[in-house]
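This report goes through one structure part by part. Keep the sequence and the 3D view open while reading.

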Amino acid sequence: VPHGGFAEAGADLELVGITKRFPGFTAIEKLDLTIPAGSFFALLGPSGCGKTTTLRLIAGLEEPTEGRILIGGKDVTATKAYQRPVNTVFQSYALFPHMTIIENVSFGLKRRKVADANALAHEALRLVELDHLAARKPAQLSGGQQQRVALARAVVNRPALLLLDEPLGALDLKLRRQMQIELKDIQSTVGLTFLHVTHDQEEAMTMADVVAVMNKGEIEQMGAPQELYELPRTAFVATFLGQSNLFMGRVTSSSGTSIVVDVQGRAIEVPRERAQRHAGEVTIGVRPEKVALHRDAPAESSARNVVGPGRITDVSFSGVSTQYEVTVPGLGPLTVFAQNTSIDTLAHAGEEVWLSWAVEHGFGLEDDPA
Ligand code: ATP
(Lines give C-alpha, C1' and ligand atoms only; values in the text may rest on other atoms or scores of the structure.)
Protein backbone atom coordinates (compact mmCIF):
# COMPACT_ATOMS: atom_id res chain seq x y z
CA VAL A 1 0.00 0.00 0.00
CA PRO A 2 1.48 3.39 -0.94
CA HIS A 3 1.66 6.42 1.34
CA GLY A 4 2.83 4.62 4.43
CA GLY A 5 -0.13 2.29 4.74
CA PHE A 6 -2.77 4.98 4.63
CA ALA A 7 -5.98 4.24 2.84
CA GLU A 8 -6.54 5.28 -0.77
CA ALA A 9 -10.19 6.07 -0.19
CA GLY A 10 -12.10 7.44 2.75
CA ALA A 11 -13.15 5.20 5.60
CA ASP A 12 -16.15 4.97 7.85
CA LEU A 13 -15.81 6.43 11.30
CA GLU A 14 -17.73 4.98 14.17
CA LEU A 15 -17.94 6.24 17.73
CA VAL A 16 -19.57 3.75 20.06
CA GLY A 17 -20.71 4.93 23.49
CA ILE A 18 -17.94 7.49 23.86
CA THR A 19 -17.77 9.25 27.21
CA LYS A 20 -15.04 11.73 28.12
CA ARG A 21 -14.73 12.89 31.70
CA PHE A 22 -12.24 15.50 32.77
CA PRO A 23 -11.67 15.95 36.50
CA GLY A 24 -14.97 17.36 37.71
CA PHE A 25 -16.49 17.74 34.23
CA THR A 26 -18.13 15.40 31.73
CA ALA A 27 -17.43 16.84 28.27
CA ILE A 28 -18.96 13.99 26.21
CA GLU A 29 -21.68 11.64 27.38
CA LYS A 30 -22.31 8.27 25.69
CA LEU A 31 -21.82 9.57 22.18
CA ASP A 32 -22.77 7.29 19.29
CA LEU A 33 -21.93 8.48 15.81
CA THR A 34 -21.42 6.86 12.43
CA ILE A 35 -19.92 8.77 9.53
CA PRO A 36 -20.08 6.93 6.21
CA ALA A 37 -16.95 6.68 4.05
CA GLY A 38 -16.50 9.53 1.59
CA SER A 39 -18.92 11.91 3.24
CA PHE A 40 -18.44 15.51 4.27
CA PHE A 41 -19.73 15.53 7.80
CA ALA A 42 -20.09 18.63 9.99
CA LEU A 43 -20.20 18.63 13.76
CA LEU A 44 -21.94 21.88 14.62
CA GLY A 45 -22.43 23.38 18.04
CA PRO A 46 -21.80 26.37 20.28
CA SER A 47 -18.53 27.05 22.05
CA GLY A 48 -17.86 24.52 24.79
CA CYS A 49 -20.28 21.84 23.56
CA GLY A 50 -17.51 19.28 23.10
CA LYS A 51 -16.64 19.48 19.40
CA THR A 52 -12.89 19.84 19.80
CA THR A 53 -12.81 17.16 22.48
CA THR A 54 -14.58 14.80 20.06
CA LEU A 55 -12.00 15.53 17.35
CA ARG A 56 -9.10 15.06 19.76
CA LEU A 57 -10.53 11.70 20.80
CA ILE A 58 -10.77 10.60 17.17
CA ALA A 59 -7.25 11.84 16.42
CA GLY A 60 -5.91 9.99 19.46
CA LEU A 61 -4.84 13.13 21.31
CA GLU A 62 -7.23 12.30 24.16
CA GLU A 63 -8.24 8.97 25.59
CA PRO A 64 -11.94 8.23 26.05
CA THR A 65 -13.13 7.39 29.55
CA GLU A 66 -15.50 4.87 28.02
CA GLY A 67 -16.39 3.63 24.56
CA ARG A 68 -14.71 2.61 21.33
CA ILE A 69 -13.55 4.33 18.15
CA LEU A 70 -13.51 2.45 14.85
CA ILE A 71 -12.02 3.71 11.60
CA GLY A 72 -12.73 1.64 8.52
CA GLY A 73 -14.14 -1.06 10.77
CA LYS A 74 -10.89 -1.32 12.73
CA ASP A 75 -10.86 -0.59 16.45
CA VAL A 76 -8.30 2.19 16.99
CA THR A 77 -9.25 3.06 20.58
CA ALA A 78 -5.86 1.89 21.82
CA THR A 79 -3.89 2.98 18.74
CA LYS A 80 -1.37 5.80 19.13
CA ALA A 81 -2.23 9.09 17.42
CA TYR A 82 0.55 8.87 14.83
CA GLN A 83 -0.53 5.37 13.83
CA ARG A 84 -4.13 6.32 13.10
CA PRO A 85 -5.11 6.94 9.46
CA VAL A 86 -6.14 10.46 10.43
CA ASN A 87 -4.88 13.96 9.71
CA THR A 88 -6.05 17.13 11.39
CA VAL A 89 -6.13 20.67 10.04
CA PHE A 90 -6.45 23.20 12.84
CA GLN A 91 -7.39 26.86 12.76
CA SER A 92 -3.76 27.71 13.44
CA TYR A 93 -2.06 25.81 10.67
CA ALA A 94 1.60 26.16 11.60
CA LEU A 95 3.61 25.77 8.41
CA PHE A 96 7.39 25.49 8.76
CA PRO A 97 8.49 29.09 8.06
CA HIS A 98 12.01 28.23 6.85
CA MET A 99 10.78 25.70 4.28
CA THR A 100 9.31 26.41 0.87
CA ILE A 101 5.70 25.50 0.16
CA ILE A 102 6.62 22.33 -1.71
CA GLU A 103 8.96 21.31 1.13
CA ASN A 104 6.19 21.88 3.62
CA VAL A 105 3.76 19.71 1.68
CA SER A 106 6.22 16.89 0.93
CA PHE A 107 7.75 16.86 4.43
CA GLY A 108 5.59 14.08 5.88
CA LEU A 109 5.91 11.90 2.78
CA LYS A 110 9.69 12.23 2.74
CA ARG A 111 9.93 11.39 6.41
CA ARG A 112 7.98 8.22 5.67
CA LYS A 113 10.30 7.61 2.69
CA VAL A 114 7.48 7.64 0.14
CA ALA A 115 9.18 7.27 -3.27
CA ASP A 116 7.40 9.89 -5.39
CA ALA A 117 7.01 12.44 -2.60
CA ASN A 118 7.67 15.47 -4.81
CA ALA A 119 5.27 14.45 -7.54
CA LEU A 120 2.55 13.75 -4.97
CA ALA A 121 3.15 17.08 -3.26
CA HIS A 122 2.86 18.95 -6.57
CA GLU A 123 -0.35 17.08 -7.29
CA ALA A 124 -1.76 18.14 -3.89
CA LEU A 125 -0.73 21.75 -4.56
CA ARG A 126 -2.46 21.64 -7.95
CA LEU A 127 -5.59 20.48 -6.13
CA VAL A 128 -5.61 23.66 -4.04
CA GLU A 129 -4.48 25.71 -7.08
CA LEU A 130 -1.18 26.78 -5.57
CA ASP A 131 1.36 24.79 -7.55
CA HIS A 132 2.65 28.00 -9.16
CA LEU A 133 3.74 29.22 -5.70
CA ALA A 134 5.54 25.99 -4.75
CA ALA A 135 8.95 27.69 -4.44
CA ARG A 136 7.78 30.44 -2.10
CA LYS A 137 8.07 30.56 1.68
CA PRO A 138 4.90 30.68 3.85
CA ALA A 139 5.46 34.35 4.78
CA GLN A 140 5.13 35.26 1.08
CA LEU A 141 1.58 33.87 0.96
CA SER A 142 -1.73 35.36 2.08
CA GLY A 143 -3.64 33.84 5.00
CA GLY A 144 -6.03 32.02 2.70
CA GLN A 145 -3.18 30.65 0.59
CA GLN A 146 -1.41 29.41 3.71
CA GLN A 147 -4.59 27.72 4.80
CA ARG A 148 -4.78 25.96 1.42
CA VAL A 149 -1.18 24.80 1.83
CA ALA A 150 -2.10 23.34 5.22
CA LEU A 151 -4.93 21.52 3.51
CA ALA A 152 -2.68 20.23 0.73
CA ARG A 153 -0.23 19.04 3.38
CA ALA A 154 -3.01 17.09 5.10
CA VAL A 155 -4.58 15.69 1.93
CA VAL A 156 -1.25 14.55 0.45
CA ASN A 157 -1.02 11.87 3.14
CA ARG A 158 -4.29 10.39 1.92
CA PRO A 159 -5.60 9.96 5.44
CA ALA A 160 -8.70 7.78 5.49
CA LEU A 161 -10.18 10.51 7.62
CA LEU A 162 -9.45 14.21 7.56
CA LEU A 163 -10.40 16.20 10.65
CA LEU A 164 -10.96 19.93 10.21
CA ASP A 165 -11.13 21.98 13.40
CA GLU A 166 -12.50 25.41 12.48
CA PRO A 167 -9.91 25.54 9.69
CA LEU A 168 -11.39 28.70 8.19
CA GLY A 169 -11.80 30.55 11.49
CA ALA A 170 -8.92 32.94 10.92
CA LEU A 171 -10.00 34.04 7.44
CA ASP A 172 -12.07 37.09 6.58
CA LEU A 173 -15.65 36.54 5.49
CA LYS A 174 -15.13 36.74 1.73
CA LEU A 175 -12.16 34.38 1.71
CA ARG A 176 -14.01 32.10 4.08
CA ARG A 177 -16.96 31.78 1.68
CA GLN A 178 -14.59 31.09 -1.20
CA MET A 179 -12.66 28.48 0.79
CA GLN A 180 -15.89 26.77 1.84
CA ILE A 181 -16.69 26.11 -1.80
CA GLU A 182 -13.13 25.04 -2.60
CA LEU A 183 -12.91 22.73 0.37
CA LYS A 184 -16.15 21.08 -0.66
CA ASP A 185 -14.81 20.65 -4.22
CA ILE A 186 -11.57 19.15 -2.94
CA GLN A 187 -13.45 16.71 -0.76
CA SER A 188 -15.60 15.45 -3.63
CA THR A 189 -12.52 15.21 -5.87
CA VAL A 190 -10.39 13.17 -3.47
CA GLY A 191 -13.27 11.18 -1.99
CA LEU A 192 -11.83 11.13 1.53
CA THR A 193 -14.01 11.29 4.62
CA PHE A 194 -14.04 14.83 6.04
CA LEU A 195 -15.15 15.61 9.56
CA HIS A 196 -15.50 19.35 9.95
CA VAL A 197 -16.02 20.99 13.31
CA THR A 198 -17.55 24.45 13.39
CA HIS A 199 -19.79 26.74 15.41
CA ASP A 200 -20.87 28.54 12.22
CA GLN A 201 -24.24 27.16 11.14
CA GLU A 202 -24.05 28.68 7.69
CA GLU A 203 -20.66 27.10 7.11
CA ALA A 204 -21.92 23.70 8.22
CA MET A 205 -25.01 23.91 5.99
CA THR A 206 -23.05 25.14 2.95
CA MET A 207 -20.40 22.45 3.07
CA ALA A 208 -21.65 19.27 4.66
CA ASP A 209 -23.70 16.36 3.30
CA VAL A 210 -24.66 15.55 6.86
CA VAL A 211 -24.73 17.87 9.87
CA ALA A 212 -24.83 16.73 13.49
CA VAL A 213 -25.96 19.45 15.88
CA MET A 214 -24.17 19.08 19.20
CA ASN A 215 -25.25 20.58 22.51
CA LYS A 216 -23.69 19.98 25.94
CA GLY A 217 -21.74 16.92 24.85
CA GLU A 218 -24.66 15.24 23.10
CA ILE A 219 -25.94 15.13 19.54
CA GLU A 220 -29.42 16.62 19.40
CA GLN A 221 -30.19 15.93 15.75
CA MET A 222 -28.40 14.72 12.67
CA GLY A 223 -29.33 14.82 9.01
CA ALA A 224 -28.94 16.55 5.65
CA PRO A 225 -28.78 20.35 6.10
CA GLN A 226 -32.13 20.92 4.34
CA GLU A 227 -33.74 18.25 6.49
CA LEU A 228 -32.53 19.79 9.76
CA TYR A 229 -33.54 23.24 8.65
CA GLU A 230 -36.99 22.20 7.42
CA LEU A 231 -37.82 20.00 10.35
CA PRO A 232 -35.94 20.78 13.55
CA ARG A 233 -36.94 18.39 16.31
CA THR A 234 -35.70 20.31 19.35
CA ALA A 235 -35.84 23.93 20.47
CA PHE A 236 -32.05 24.05 20.42
CA VAL A 237 -31.82 22.95 16.78
CA ALA A 238 -34.71 25.25 15.79
CA THR A 239 -32.89 28.27 17.18
CA PHE A 240 -29.21 27.38 16.65
CA LEU A 241 -29.63 26.40 13.01
CA GLY A 242 -31.28 29.52 11.61
CA GLN A 243 -34.04 31.36 13.48
CA SER A 244 -37.48 30.18 14.49
CA ASN A 245 -40.67 31.63 15.90
CA LEU A 246 -41.66 29.27 18.71
CA PHE A 247 -45.00 29.13 20.54
CA MET A 248 -46.02 27.10 23.55
CA GLY A 249 -49.59 25.87 23.70
CA ARG A 250 -51.91 22.94 24.31
CA VAL A 251 -53.21 20.47 21.75
CA THR A 252 -57.00 20.87 21.51
CA SER A 253 -57.68 18.45 18.69
CA SER A 254 -55.74 15.90 16.76
CA SER A 255 -56.67 14.21 13.50
CA GLY A 256 -54.93 11.87 11.10
CA THR A 257 -53.47 14.82 9.22
CA SER A 258 -52.86 17.57 11.75
CA ILE A 259 -52.91 18.80 15.32
CA VAL A 260 -54.53 22.03 16.42
CA VAL A 261 -52.76 23.89 19.19
CA ASP A 262 -54.33 26.58 21.33
CA VAL A 263 -51.79 29.37 21.82
CA GLN A 264 -53.20 32.16 24.00
CA GLY A 265 -56.68 31.62 22.55
CA ARG A 266 -55.51 31.34 18.93
CA ALA A 267 -55.85 28.05 17.08
CA ILE A 268 -52.66 27.14 15.22
CA GLU A 269 -52.54 24.04 13.05
CA VAL A 270 -49.46 21.89 12.41
CA PRO A 271 -49.23 18.88 10.06
CA ARG A 272 -49.25 15.72 12.14
CA GLU A 273 -46.16 14.26 10.48
CA ARG A 274 -44.24 17.46 11.21
CA ALA A 275 -45.06 17.38 14.93
CA GLN A 276 -43.07 15.28 17.41
CA ARG A 277 -45.81 15.32 20.08
CA HIS A 278 -49.54 15.05 19.43
CA ALA A 279 -51.15 15.72 22.82
CA GLY A 280 -50.86 17.91 25.91
CA GLU A 281 -48.52 20.88 26.20
CA VAL A 282 -46.38 21.35 23.09
CA THR A 283 -44.02 23.82 21.50
CA ILE A 284 -44.58 24.55 17.83
CA GLY A 285 -42.78 26.81 15.43
CA VAL A 286 -42.36 28.35 12.01
CA ARG A 287 -39.33 29.80 10.21
CA PRO A 288 -39.31 33.63 9.75
CA GLU A 289 -39.15 33.45 5.93
CA LYS A 290 -42.29 31.30 5.87
CA VAL A 291 -44.35 34.03 7.53
CA ALA A 292 -46.12 36.61 5.36
CA LEU A 293 -46.95 40.15 6.45
CA HIS A 294 -50.40 41.62 5.63
CA ARG A 295 -51.66 45.18 6.02
CA ASP A 296 -55.28 43.97 6.15
CA ALA A 297 -56.67 40.95 7.92
CA PRO A 298 -56.33 38.04 5.48
CA ALA A 299 -59.38 35.86 4.73
CA GLU A 300 -59.69 32.76 6.93
CA SER A 301 -58.50 29.63 5.17
CA SER A 302 -57.99 26.08 6.38
CA ALA A 303 -54.62 25.99 4.61
CA ARG A 304 -53.18 28.95 6.53
CA ASN A 305 -52.60 30.02 10.09
CA VAL A 306 -53.42 33.68 10.64
CA VAL A 307 -52.38 35.70 13.69
CA GLY A 308 -52.86 39.35 14.45
CA PRO A 309 -53.23 42.14 14.56
CA GLY A 310 -49.78 42.97 15.77
CA ARG A 311 -47.51 45.96 15.60
CA ILE A 312 -44.16 46.27 13.85
CA THR A 313 -41.59 47.24 16.45
CA ASP A 314 -38.44 46.99 14.37
CA VAL A 315 -37.44 46.97 10.71
CA SER A 316 -33.97 46.07 9.47
CA PHE A 317 -33.40 46.42 5.77
CA SER A 318 -30.55 44.32 4.34
CA GLY A 319 -30.85 44.84 0.59
CA VAL A 320 -32.22 41.55 -0.63
CA SER A 321 -34.56 41.10 2.32
CA THR A 322 -35.99 42.91 5.31
CA GLN A 323 -36.32 41.57 8.83
CA TYR A 324 -39.37 42.69 10.78
CA GLU A 325 -40.06 42.27 14.46
CA VAL A 326 -43.78 42.16 15.08
CA THR A 327 -45.35 42.09 18.54
CA VAL A 328 -48.66 40.28 18.66
CA PRO A 329 -50.40 40.71 22.04
CA GLY A 330 -50.26 37.42 23.92
CA LEU A 331 -47.87 35.78 21.44
CA GLY A 332 -44.92 38.05 22.03
CA PRO A 333 -42.46 39.16 19.35
CA LEU A 334 -42.31 37.31 16.02
CA THR A 335 -39.59 37.61 13.42
CA VAL A 336 -40.51 37.84 9.73
CA PHE A 337 -38.06 37.78 6.79
CA ALA A 338 -39.56 39.31 3.66
CA GLN A 339 -37.95 39.40 0.22
CA ASN A 340 -37.60 42.98 -1.03
CA THR A 341 -39.26 42.59 -4.40
CA SER A 342 -40.29 46.22 -4.40
CA ILE A 343 -39.17 49.10 -2.21
CA ASP A 344 -42.76 50.43 -2.25
CA THR A 345 -44.08 47.44 -0.32
CA LEU A 346 -41.79 47.93 2.70
CA ALA A 347 -43.70 48.20 5.93
CA HIS A 348 -42.67 50.61 8.67
CA ALA A 349 -42.21 50.50 12.41
CA GLY A 350 -45.46 51.26 14.20
CA GLU A 351 -47.70 49.83 11.45
CA GLU A 352 -50.44 47.40 12.39
CA VAL A 353 -50.15 44.11 10.50
CA TRP A 354 -51.43 40.54 10.36
CA LEU A 355 -49.22 37.52 9.91
CA SER A 356 -49.93 34.25 8.16
CA TRP A 357 -48.18 31.08 7.13
CA ALA A 358 -49.15 27.92 5.30
CA VAL A 359 -50.03 25.10 7.70
CA GLU A 360 -47.60 22.83 5.83
CA HIS A 361 -44.64 24.99 6.97
CA GLY A 362 -45.21 24.67 10.71
CA PHE A 363 -43.40 22.15 12.89
CA GLY A 364 -43.80 20.74 16.37
CA LEU A 365 -40.90 20.03 18.75
CA GLU A 366 -40.21 17.14 21.08
CA ASP A 367 -39.13 19.51 23.87
CA ASP A 368 -39.71 23.09 25.03
CA PRO A 369 -37.35 26.08 24.91
CA ALA A 370 -34.91 25.93 27.83
P1 ATP B 1 -14.99 25.73 21.16
O2 ATP B 1 -15.84 25.93 19.94
O3 ATP B 1 -15.02 26.91 22.08
O4 ATP B 1 -13.62 25.24 20.87
P5 ATP B 1 -15.82 23.04 21.79
O6 ATP B 1 -17.20 22.68 21.46
O7 ATP B 1 -14.76 22.60 20.89
O8 ATP B 1 -15.74 24.61 22.04
P9 ATP B 1 -14.39 21.57 23.80
O10 ATP B 1 -13.09 22.24 23.61
O11 ATP B 1 -14.55 20.21 23.26
O12 ATP B 1 -15.56 22.50 23.27
O13 ATP B 1 -14.71 21.54 25.35
C14 ATP B 1 -15.88 20.92 25.87
C15 ATP B 1 -15.99 21.17 27.36
O16 ATP B 1 -14.99 20.41 28.04
C17 ATP B 1 -15.76 22.61 27.75
O18 ATP B 1 -16.71 22.97 28.73
C19 ATP B 1 -14.36 22.64 28.29
O20 ATP B 1 -14.23 23.63 29.29
C21 ATP B 1 -14.18 21.24 28.85
N22 ATP B 1 -12.79 20.80 28.77
C23 ATP B 1 -12.05 20.66 27.65
N24 ATP B 1 -10.83 20.22 27.92
C25 ATP B 1 -10.75 20.08 29.27
C26 ATP B 1 -9.75 19.67 30.21
N27 ATP B 1 -8.54 19.28 29.78
N28 ATP B 1 -10.07 19.66 31.51
C29 ATP B 1 -11.31 20.02 31.94
N30 ATP B 1 -12.29 20.43 31.12
C31 ATP B 1 -12.03 20.46 29.80
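Which residues surround the ligand?

## The model

This is a predicted model, in which local features need pLDDT of at least 70 and side-chain atom pairs count only at pLDDT 80 or more, while totals for chains, interfaces and linings use all residues. Residue numbers start from 1 along each chain, as its sequence is written.

## Around the ligand

The shell around the ligand consists of Phe22, Phe25, Ala27, Gly45, Ser47, Gly48, Cys49, Gly50, Lys51, Thr52, Thr53 and His199. A residue is near a molecule if its C-beta atom, placed from the backbone, lies within 6 Å of it. Strand E2 (25–35) and helix H1 (51–59) are the elements that give two or more residues to this shell. The largest share, three residues, comes from H1. Helices (H or I, at least four residues) and strands (E, at least two) are DSSP runs, numbered from the N terminus.

Sorted by class, the shell has four nonpolar, seven polar and one charged residues. Here Ala, Val, Leu, Ile, Met, Phe, Trp, Tyr, Cys and Pro count as nonpolar, Asp, Glu, Lys and Arg as charged, and the others, Gly among them, as polar.

## A hairpin

Strands E9 (residues 210–215) and E10 (residues 218–223) run antiparallel and are joined by five bridges; two strands pair if DSSP finds at least two bridges between them. Ala212 has Met222 in E10 as its bridge partner. The hairpin has two residues between the strands, and Lys216 takes a positive phi near 50°.
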